Amino acid sequence: ILKKPIPDTVTREINGQIAYFDPSLSYWENLLSQAGESSSLRGRTLDPETKQFKDIVINQNYSAAMSLSIPDIGINEINVTPNVESYDAQTYNKVLENGLAHFKGTPVAGDGGNTFIYGHSAIPSFFDNNPNNPETIFTKLKETDVGDTVVVEKDGESITYTIRKKKIVEPTDFTVLETQGTDETITLMTCHPDGLGTKRLVVIGERE
């Protein structure tokens, strides 16, 4: 049973059902500020294919369609929109209706550093009836295990990551954007508990 009030949230209904409570706009504004100010998003990381260090590229003009799969939990080729202006609630909510969003200001998959992708989770009463709705597909993130595979399809290439870490963080923890040492990584994030968003579930994978 959901109890109100839930602070700093907006109710989202899909087909007449409450699906989730949207994170506050201030959260995204703070994340955006962190992306703009943090030098840890740049620098160099190790290319797993060449075994050489390469500069991290943040290509804010990249716009080609991408998709993300986590086969172990039944997430298959979900659309990822690159370079989403995440300070604009109208923009990111429109994008998330059709899948996932890549956070503008972080590298696109394959460009080194830490690629940050996010999506909504749904409250159980909605998810149980709509387990494959692309808007709330990241409800399944909690089912991941260390060792599971994440695949991003981009420009005809499959970029593969292995999940190495899974954690619950406070909404004030903006280190989730940062490059993880010398590794090329992907960070996936959704609201926790499902559909409520008082905290965040974060899953981190290392590129293979």
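How many aromatic pairs does the structure hold? The structure holds four aromatic pairs (ring centres of Phe, Tyr or the six-membered ring of Trp within 6.5 Å; planes under 30 degrees apart are stacked, over 60 edge-to-face, the rest tilted). The model is predicted, so local features need pLDDT of at least 70 and side-chain atom pairs count only at pLDDT 80 or more, while totals for chains, interfaces and linings use all residues. Residues are numbered from 1 along each chain as its sequence is written, and side-chain values use heavy atoms, without hydrogens and water.

**Aromatic pairs**

- Phe103 and Phe116 are edge-to-face, because their ring centres are 5.7 Å apart and their planes stand at 80°.
- Phe103 is in strand S7 (residues 100–103) and Phe116 in strand S8 (residues 114–118), so this pair ties together parts 13 residues apart in sequence; strands are DSSP runs of E, at least two residues, and helices runs of H or I, at least four, numbered from the N terminus.
- Phe103 has 0% relative accessibility and counts as buried, and Phe116 is likewise buried at 0% (buried is under 20% relative accessible area, exposed over 50%, partly exposed in between, with a 1.4 Å probe and protein chains only).
- Phe116 also pairs with Tyr118 in a tilted arrangement, 6.5 Å centre to centre and 45° between the planes.
- Tyr92, Phe103, Phe116 and Tyr118 are linked by ring pairs into a cluster.

- Beyond its neighbours within four places in sequence, Leu188 is in contact (heavy atoms within 4.5 Å) with residues including Leu68, Ile117, Phe138 and Val203.

**Ser69**

- Ser69 is in strand S5 and counts as buried at 10% relative accessibility.
- Its C-alpha atom is separated by 8.3 Å from that of Thr149, 80 residues apart along the chain.
- The side chain of Ser69 reaches the backbone nitrogen of Glu77 at 2.7 Å.

**Salt bridges**

- The count comes to 15 salt bridges (a side-chain nitrogen of Lys or Arg within 4 Å of a carboxyl oxygen of Asp or Glu).
- Arg12 and Glu135 meet in a salt bridge at 2.9 Å, N to O; Arg12 is in strand S1 (residues 10–14) and Glu135 in the loop between helix H3 (124–127) and S9, 123 residues apart.
- Arg12 is partly exposed at 24% relative accessibility, whereas Glu135 is buried at 3%.
- Asp194 and Lys142 form a salt bridge with the closest N and O atoms 2.9 Å apart.
- Asp194 is in the loop between S11 and S12 and Lys142 in the loop between H3 and S9, so parts 52 residues apart in sequence are tied together.
- Arg207 and Glu184 form a salt bridge at 3.0 Å between the closest N and O atoms; Arg207 is buried at 10% and Glu184 at 2%.
- Salt bridges with shared partners join Asp47, Glu49, Lys54, Glu157, Glu184 and Arg207 into one network.

**Charges over rings**

- The charged end of Lys142 sits over the ring of Phe127, 5.5 Å from its centre (NZ of Lys or CZ of Arg within 6 Å of the ring centre and within 35 degrees of the ring normal).
- Lys154 lies over the face of Tyr62, 5.2 Å from the ring centre.

Methods:
A polar contact is a pair of N or O atoms within 3.5 Å; within protein, one must be able to donate a hydrogen and the other to accept it, and residues adjacent in sequence count only if both atoms are side-chain atoms.
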